[in-house]
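Please open the model in your viewer and follow the stops below in order, selecting at each one the residues that are named.

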Amino acid sequence: MDSGFSPEEGLRYSRQLILEKVGWPGQERLRAGRVLVVGAGGLGSAALFYLAAAGVGHLGLVDGDAVELSNLQRQILHRLADLGRRKVDSAREALTRLNPHCRVETFDLRLTAENVPGVVRGFDVVLDAGDNFPTRVALAEGCWREGKILVSAAVQDFSGHLMVIDPGRGTPCYRCLLPEPPPPDPGGPPLGILGAVAGVMGCLQAVETIKLLLGLPSDLATRLLAYDGLRSRFQVMDRLKTPECPLCGASGGNRQP
Amino acid sequence: MKVIINGEPREVSARTVFALLEELGLPPGRIVVEQNAAIVRRDAYQDAPVREGDILELVRIVGGG
Ligand SMILES: [Zn+2]
């Protein structure tokens, strides 16, 4: 039936093993998968829970913050008893409790342009589940240069969006969509986010990641999916490659070799 | 004139995509615009005409999580 899966795992994954597009070969690919999630917040909580539940063998987790009370409205990896703990510790515990077959590697740090290459190396797929533009830009640029597939989601208010960026296929990059990133933290009150909306987008990130690990094609490599929770609408639209893009464009000097 | 924005009928006076975003108070550098099922290049916002009956999808690029 399998290659080294226990009967317990056979039962645990039975409802996805019977899927034609998963089966034992797919489960093997998930177990061999190495996925890095940047941000153990609202997006990352949902994505990580489902990736661990599905049996992704190796999960990396980057977050440099501690758990605060105002996180619990959307960051469902963490509990009241975790207040003050490092988020990576709290998250690892929650994930291991759910699925002990999953190896969780933690990075208790804030990503910068300098440390991205060292962190993303060794992973097959990277999830951008961050909460600010500077981190997102640093991650997107580092992943592009390292040739790592990036599954990027973001949320605000009742809305969110999702895309897959695949340097190996020369898809449009993050900077194609956002040529001039907003200045770092303009100050003022924090942005509002409905927790369940972060959950929707984090779950979609998990779906796309699992598809990538299974070798299934994703439309979102060249398209942008937008969710509008207020109007209850999903919209999928093309992304355009910007010829003069500072990252992937002809003059950018950073094209994927 | 009447257009459809994100599925809702709206009455707008702007004649270009750029003017429309200004009229709606949206920052052009952060908005992806699809007009009648075709993406509008960002460098074309200034000149791209908005016409009666246009179906527009506007997506704001956000950074939260
Ligand atoms: Zn680009």
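Begin with the zinc ion, whose donor residues follow the sequence spacing C-x2-C-x68-C-x2-C. Select Cys173(A), Cys176(A), Cys245(A) and Cys248(A): the SG atoms of these residues are the protein donors, and they lie 2.2 to 2.3 Å from the zinc ion. A donor here is an N, O or S atom within 2.8 Å of the metal (3.2 Å for Na, K and Ca), and water is not among the atoms, so sites may look incomplete. The four donor atoms subtend angles of 95 to 120 degrees around the zinc ion, which makes the arrangement tetrahedral; four donors are given that name if all angles lie between 85 and 135 degrees. For reference, the ideal angle for four tetrahedral donors is 109.5 degrees.

Colour by accessibility next, with buried standing for under 20% relative accessible area, exposed for over 50% and partly exposed for what lies in between (1.4 Å probe, protein chains only). Cys245(A) is buried at a relative accessible area of 1%, and Cys248(A) is buried as well, at 5%.

Before going further, keep in mind that this is a predicted model, in which local features need pLDDT of at least 70 and side-chain atom pairs count only at pLDDT 80 or more, while totals for chains, interfaces and linings use all residues. Residues are numbered from 1 along each chain as its sequence is written, chains are lettered from A and ligands numbered from 1 in the order in which they are written, and side-chain values use heavy atoms, with hydrogens and water left out.

The C-alpha trace of chain A spans about 55 × 40 × 40 Å along its principal axes. Its radius of gyration is 18 Å, in agreement with the value near 18 Å for a compact globule of 257 residues, where the radius is taken over C-alpha atoms and the globule rule is 2.2 Å times the number of residues to the power 0.38. Of the 257 residues in chain A, 53% are buried.

Arg121(A) sits in the loop between helix H6 (116-120) and strand E4 (125-128) and Glu146(A) in helix H7 (residues 133-146), so the pair ties together parts of chain A that are 25 residues apart in sequence. Glu146(A) counts as partly exposed, at 28% relative accessibility. Select Arg136(A) and Asp128(A) for another salt bridge, with the closest N and O atoms 3.0 Å apart; here Arg136(A) is buried at 0% relative accessibility, and Asp128(A) is buried at 1%.

Bring chain B into view and select Glu57(B) with Arg233(A), whose side chains meet in a salt bridge of 2.8 Å, N to O. This pair crosses between chains, from strand E5 (residues 55-60) of chain B to strand E8 (residues 233-238) of chain A. Glu57(B) counts as buried at 6% relative accessibility, whereas Arg233(A) counts as partly exposed at 21%.

Step to Ser232(A), which has a positive phi of about 55 degrees although it is not a glycine. Ser232(A) belongs to the loop between strand E7 (223-228) and E8 of chain A, and it is exposed, with a relative accessible area of 61%. In chain B, Asn36(B) also calls for selection: this residue, not a glycine, has a positive phi of about 50 degrees and is found in the loop between strand E3 (31-35) and strand E4 (38-39).

Finish with chain B as a whole, which comes to one helix and five strands, running β-β-α-β-β-β from the N terminus on. Its C-alpha atoms fill a box of roughly 35 × 25 × 20 Å along the principal axes, and 45% of its 65 residues are buried.

Note on methods. Four donors count as tetrahedral if all angles lie between 85 and 135 degrees; four count as square planar and six as octahedral if opposite donors are over 155 degrees apart and all others between 65 and 115; anything else is irregular. Helices (H or I, at least four residues) and strands (E, at least two) are DSSP runs, numbered from the N terminus. A salt bridge is a side-chain nitrogen of Lys or Arg within 4 Å of a carboxyl oxygen of Asp or Glu.
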